[in-house]
Amino acid sequence: MNASWFSQPFRPDGGITAEGLRNQLGRPSLSHLTVLVREAAQNSWDARAEDMVRFSLDLRTVGPGHLGSWRSLLLPKAPRDTGPLRGLAEVLRPSTVRYLAVSDRGTTGLGGPTRSDEYGAMGERGWLSFVLNSGEKQDSKGGGGTYGYGKGAFFLASRAAAILIYTRFREEGVHRTRLIGSALLESFNNEEKRPFTGRHWWGEEREAHCDPLLDAAADTTARQLGLPLFAAEETGTTIVVIDPDLSNPLLPEDETEDLSMSEAGTYLAEAAAWNLWPLTLPHRTDRMDISVSVEGDPVHVPDATSDAVLASFAQAYRDAVDPDRREEVLCGRPKRTLGAFASATTFGAHFKSSAGEELGLSRDKAPRHIALMRQPDLVIRYLEGPIKGHEAAGYVGVFKVDDSLDATFARSEPPTHDLWVDSQLTGSDATFVRVAHRRLNERCKEIAGPAVTPPKPVEDAPVGTVSHRLGFLLAGVGTGAPDTGSAGGTAKSTAASGTGRSGAGHGSKGARRPQLLGAPAFERVDGEWLLVQRVRAHQAARIAGRVSVIVGDGEVESSAPAEAEMPEVVGWRTTDGTVVGGREVDCEEGDFDLLVRPVQEAVIDIDVALVKG
């Protein structure tokens with residue numbers, strides 16, 4: 001093997017410069033780390049070959065056992081720094097060298113010809129699209145309308161604008177591997193005044209181009225560099241971002257400070273969660289498994305089982321793709337279905353993610369956002385709506401573009417796919433995008449209800465703190481969640497003041513107490529907004545609903561102070577929609593809805609119990 005760097009000269013008929021390629025993503029409003037997560041996941045999903053795509057982000061420091069190989073293999077003839085970018089010579093000489101390995105498995109890998117002037121069997125052009133050419137349309141199923149610009153995110157995320165590409169694919173029934181380096185620096189003239197594009201490749205240098213290392217040579221070199229290797233039958237791609245930009249995305253532009261490796265790993269995990277969560281839902285037949293690690297140690301990636309807001313988004317998504325539960329969003333002139341919508345209300349849940357702040361999701365605030373998406377179900381952005389009347393109350397929603405309009409909405413997006421801009425379109429297409437925004441804003445106002453001035457917190461009643469704890473107990477996720485009952489519901493065995501418990505009651509010895517199932521949700525019943533809590537009865541019995549106010553230090557207030565309102569049990573609703581008034585109800589085994597009239601400026605405690613016969 002005789003690998004080295006090759007610098008691309010301008011051809012007589014011209015060519016695109018490295019600056020031009022880096023600028024194809026424009027100036028994204030999102031950080032380099034977030035754009036990288038979004039674009040890399042899009043590429044991986046487009047290349048899926050199996051129902052499960054395994055997508056991983058591994059942030060590492062090159063260990064002492066591999067650092068010598070990095071220098072001996074990558075330093076000879078390495079392109080030097082030009083302009084504001086760091087050259088590899090500057091990056092690789094210090095004792096600490098970092099990289100971010102972005103890997104996918106269960107994908108096709110980058111096959112096809114390694115020269116742009118060749119077509120390849122069956123039209124396979126994965127290698128050409130990602131490594132050599134620019135702007136090729138991706139025709140893969142569910143490709144999301146991208147045009148090959150997403151690869152620029154890898155270079156933007158590198159302070160050296162340099163990456164390594166290690167891929168494995170099947171060709172005529174045989175596994176093949178390739179490894180190549182690529183850098184996008186600045187165009188320049190050499191000492192002989194010959195102009196160069198600023199594009200560089202590392203591999204087997206030829207007379208006028210550079211070939212990748214192949215098969216055994218590629219695998220051996222990857223092992224020397226300490227890169228993630230492929231298992232026996234695996235296919236996929238690993239992109240190594242050399243010297244990743246770990247600038248703190250939440251600081252103003254005029255302030256610079258790097259995240260620590262641990263902080264960067266957490267940020268990547270949260271960015272993956274809030275941008276990619278629809279692809280991770282367990283009910284999907286095709287889905288993405290996401291993992292993040294720092295120095296080989298796993299980092300928790302939030303999901304619908306561990307985050308209350310994501311759990312609500314997941315419910316809204318399931319409803320939006322269910323023909324029996326979704327709402328259609330319509331355009332009147334011209335008449336057209338724009339997409340499907342569903343929403344869910346929250347109480348006490350709030351955003352916890354720093355990466356979410358970059359997306360407009362305010363940390364420690366209740367959600368009031370609609371996730372906008374189209375094929376392939378990646379989040380385009382979060383549309384913010386008005387606040388609800390209580391600081392602990394929130395709502396989430398999902399709007400999924402109708403498949404017939406997917407290409408239209410794709411054309412309205414900038415290269416980073418993080419916005420729908422109707423001004424980029426004309427005629428009916430512009431109308432569809434504009435009306436979709438209008439309809440969703442109208443729907444948010446309906447869900448939020450009348451505008452209310454938020455109450456001032458009472459000094460001796462820390463409502464915000466209590467509602468935070470309350471929200472997680474109600475949702476059944478997070479620290480302090482209720483115990484899981486044998487029937488799958490949530491229950492607390494104590495009669496102490498705590499939300500989400502089933503009361504001890506006065507039932508006969510051995511009788512199973514009713515259970516509260518999941519989180520309560522706001523719902524309009526007979527023209528009135530009520531809090532609806534699902535309850536499961538384990539045998540025929542008479543059960544009672546109880547509701548009280550939680551005040552300072554989690555204490556329960558069962559009687560109203562002078563001139564103060566108290567929440568009350570309105571009645572019960574059976575699965576067939578029949579509403580029975582009163583605090584108590586005779587029931588058979590099964591599920592019922594407890595209907596509660598809440599009050600503003602209060603956090604309430606819901607309890608159910610057996611009534612002594």
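## A bridge between two strands

Let's start with one pair of residues in this predicted model. Valine 329 has glycine 339, in strand β14, as its bridge partner. That bridge brings us to the strands β13 and β14, the latter made of residues 336–347, which pair over five bridges in the antiparallel sense.

## The sheet around it

Stepping back, we find that β13 and β14 belong to an open sheet of five strands. Reading across, the order is β13-β14-β17-β15-β16, and the pairing is mixed. The edges are taken by β13 (327–331) and β16 (378–384); each has a single partner strand, so one side of each has no neighbour in the sheet. From one strand to the next, the twist averages 30°.

Leaving aside residues up to four places away in sequence, threonine 346 touches Ser312, Pro367, Ala392, Ala393, Gly394 and Tyr395.

## Helices lying across the sheet

Helix α8, residues 261–280, lies across β15 (368–374), β16 and β17 (393–401). Its direction is at about 120° to β16.

Helix α9, residues 308–320, lies across β14, β15, β16 and β17. This helix runs at about 40° to β17.

Now meet helix α12, which covers residues 427–448 and has 22 residues. From its first C-alpha to its last it reaches 32 Å, close to the 32 Å expected at 1.5 Å a residue. Just after α12 comes glycine 449, with a positive phi of about 80°.

The buried residues of α12 include Phe432, Val433, Val435, Ala436, Leu440, Cys444 and Ile447. In an α-helix there are 3.6 residues a turn, so residues three or four places apart point the same way. The buried residues of α12 pack against β13, β14, β15, β16 and β17, and also against α11 (406–411).

## Cysteines

How many disulfides does a search of the whole structure find? The count is zero.

Conventions
Residues numbered from 1 in each chain as written. Predicted model: local features only at pLDDT ≥ 70, side-chain atom pairs only at ≥ 80, totals over all residues. Heavy atoms only, no water. Pairing = 2+ DSSP bridges. Helix = DSSP H or I, 4+ residues; strand = E, 2+ residues; numbered from the N terminus. Axes fitted to C-alpha atoms, helices over the stretch in contact; angles between N-to-C directions. Contact = heavy atoms within 4.5 Å. Disulfide = S-S within 2.5 Å. Expected span 1.5 Å × (residues − 1). Buried < 20%, exposed > 50% of the residue type's maximum accessible area, 1.4 Å probe, protein only.
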